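Take a look at the fold below.

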Amino acid sequence: MKTIKVNDMSCMHCVKKIQTSLLANGVDGNIDLMNHEVEVNERDINTAVEAIKAAGFTPEI
């Protein structure tokens, strides 16, 4: 698993928006709001980063 930091994710609405974008791109991820992290399979990292960006957030690997 690979962790992506998303410091501008601050509420459950943000979580839902990111989750929806990940699923739309075929990525299954675990989202940790408290630590501002999204965990995905390493093979999905690039797709996940692009999906998070498309949702309006700033992912950091």
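Helices (H or I, at least four residues) and strands (E, at least two) are DSSP runs, numbered from the N terminus. Ser21 lies in helix α1, residues 12-24. The model is predicted, so local features need pLDDT of at least 70 and side-chain atom pairs count only at pLDDT 80 or more, while totals for chains, interfaces and linings use all residues. Residues are numbered from 1 along each chain as its sequence is written, and side-chain values use heavy atoms, with hydrogens and water left out.

Stay with Ser21. Its relative accessibility is 13%, so Ser21 counts as buried (under 20% relative accessible area; exposed is over 50%, partly exposed in between; 1.4 Å probe, protein chains only). Beyond its neighbours within four places in sequence, Ser21 is in contact with Ala51, Ile52, Ala54 and Ala55 (heavy atoms within 4.5 Å).

Now the strands. β3 (37-40) pairs with β1 (residues 2-5) in the antiparallel sense over 4 bridges. Two strands pair if DSSP finds at least two bridges between them. Thr3 stands opposite Glu39. β2 (29-32) also pairs with β3 in the antiparallel sense, over 4 bridges. Here Ile31 stands opposite Val38.

β2 and β3 form a hairpin with 4 residues between them. His36, in the turn, has a positive phi of about 55°, although it is not a glycine. At 26% relative accessibility, His36 is partly exposed.
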